[in-house]
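Subject: Structure for you to look at

Hello,

I am passing on the structure we talked about. Please open it first; my notes follow below.

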Amino acid sequence: MIPYSQLDKAALEAELKTVTEAYEALKAKGLKLDMSRGKPGKTQLDLSNDMLKVLPDREDCLDGTLDVCNYGNLCGIPSARKLFAELLDVRPEQVIVGGSASLQLMYNLIATAFSHGLLHSPEPWSKRGKVRFLCPSPGYDRHFRVTEFFGFELIPVAMTAEGPDMDAVLQWIKDPSVLGIWCVPKYSNPDGIIYSDRVIRALASMKPAAPDFALMWDNAYCIHEFDGDYVPFPDILKLCAEYGNADMVYEFASTSKVTFPGAGISCMCASEANIAYFQKTLGVQIISFDKVNQLRHVRFLKDKETTLALMKRHAAILKPRFDAVCDALEREIVPRGIGTFNRPKGGYFISLYAMPHTAKRALQLVKEAGVTMTPAGATYPYGQDPFDSNIRIAPTLPPVEELNAALEVLCMCLRLAALEQLLKNA
Ligand SMILES: Cc1ncc(COP(=O)(O)O)c(C=O)c1O
């Protein structure tokens, strides 16, 4: 297959004609497919159906002697704190178990910082004048949206193959108005990158100018390998403490992609001093989270070993889907020189870098052909990808036949957009 960049104008025009005809034929099928968000598919949800049966009677609702049906235990029931501690390799006293969404705990932390400040804040962030927040990009759009919502200035930092560009991060944190950074350290959303030990240590040992800088460590995909065995991961709380930064880091995780998203349990892990601080601020908002659901999860997931066994069953469902996407891109896009990507081994996304200045156009064509995908630019602060290149592919939700049909459309649209772009300059 000849890369498109090596075709002369006549050859590009001939290819454009062929690809346009193929695209129109796909469009005529009147498809209605969704590859937009990282939601588990139905077969994955069904893996946790037995969780609905573990607490059939009122007498089952005891965690030791604790009646989970009553108010109290704001930090979570002891067994759920222990379960997350085991999964994340931290201590149970460092864990607050929340409701169904870790995103809400992250939002809450930022909102608290804004209205009242964090443990070491000289004043609330709202009183600081300008607040800047580092956003390794491409990254998770909902992270960016939280900090945008509070009016912070979002600072894009390039992602490298081993995590955020630390030269840029270390430069930025000298500025006292830079108050935090978003990190997804394992199978990052969307690139699927695992931060290297070097980057993790560089982050843990940062000495930011701001005394209340927040290292937002969203370990959403901590046990989410779909290709190969579970990869152990450093305990960021311990590392930060070793570097004298015990109170700088906040780690988040949830069972959204383990059991039921929207009906799972979440956690925030932090130093014991921070846990004590947040226990006070959370206590103003809620008397206790849903402890019945916490107990349901503990009874079902039991411990790390049982949870990892469940993740293997998710992996068996996910691997063929990720292979389908990667194989299609390797077959249709890479040899034509119009896109690159990394084959991830875990997480929920594939991050495609289309030929610069073609992502928006390709996704417009995709939409017109009836396929919904994450909008171009969504993976960058303010929805602005400076290269108009990154496309986040979420292959988990549609049934495999639909996924293959959507991939055919996507590949055709990427080719069409690349040909149009090349012909502009031919
Ligand atoms: C990096 C990351 N963090 C958090 C979430 C959402 O987690 P939760 O359902 O616990 O709010 C997602 C969902 O896609 C995610 O990709």
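I began with helix α7, residues 197–204. What covers the buried residues of α7 includes β7 (163–164), α6 (166–172), β8 (178–183), β9 (214–218) and α8 (236–242). Please keep in mind that this is a predicted model.

The buried residues of α7 are V199, I200, L203 and A204. Viewed down the helix axis, they fall within an arc of 135°, so they line one face of α7. D197 and R198, on the other side of α7, are exposed.

Next, the domains. The assignment divides the protein into domain 1, made of 4–44 and 308–425, and domain 2, which covers 61–302. Taken over C-alpha atoms, the centres of domain 1 and domain 2 are 31 Å apart. Contact between them involves 26 residues of domain 1 and 26 residues of domain 2.

On the side of domain 1 that touches domain 2, α11 (304–332), β13 (350–354) and β15 (390–393) each supply at least two residues. The most come from α11, which gives eight. By class, the residues on this side of domain 1 are 15 nonpolar, seven polar and four charged.

Last, the ligand. There are 13 residues around the ligand, and A101, S102, L103, S254 and S256 come nearest. The shell consists of six nonpolar, six polar and one charged residues.

Regards

Terms used
Residues are numbered from 1 along each chain as its sequence is written. This is a predicted model: local features need pLDDT of at least 70, side-chain atom pairs count only at pLDDT 80 or more; totals for chains, interfaces and linings use all residues. A residue is near a molecule or strand if its C-beta atom, placed from the backbone, lies within 6 Å of it. Ala, Val, Leu, Ile, Met, Phe, Trp, Tyr, Cys and Pro count as nonpolar, Asp, Glu, Lys and Arg as charged, and the others, Gly among them, as polar. A residue is buried if 20 or more other C-beta atoms lie within 10 Å of its own, exposed if 12 or fewer, and partly exposed in between; C-beta atoms are placed from the backbone. Helices (H or I, at least four residues) and strands (E, at least two) are DSSP runs, numbered from the N terminus. The arc is that of the directions from the helix axis to the C-beta atoms. Two residues are in contact if their C-beta atoms, placed from the backbone, lie within 7 Å. Domain bounds come from an automatic or database domain assignment.
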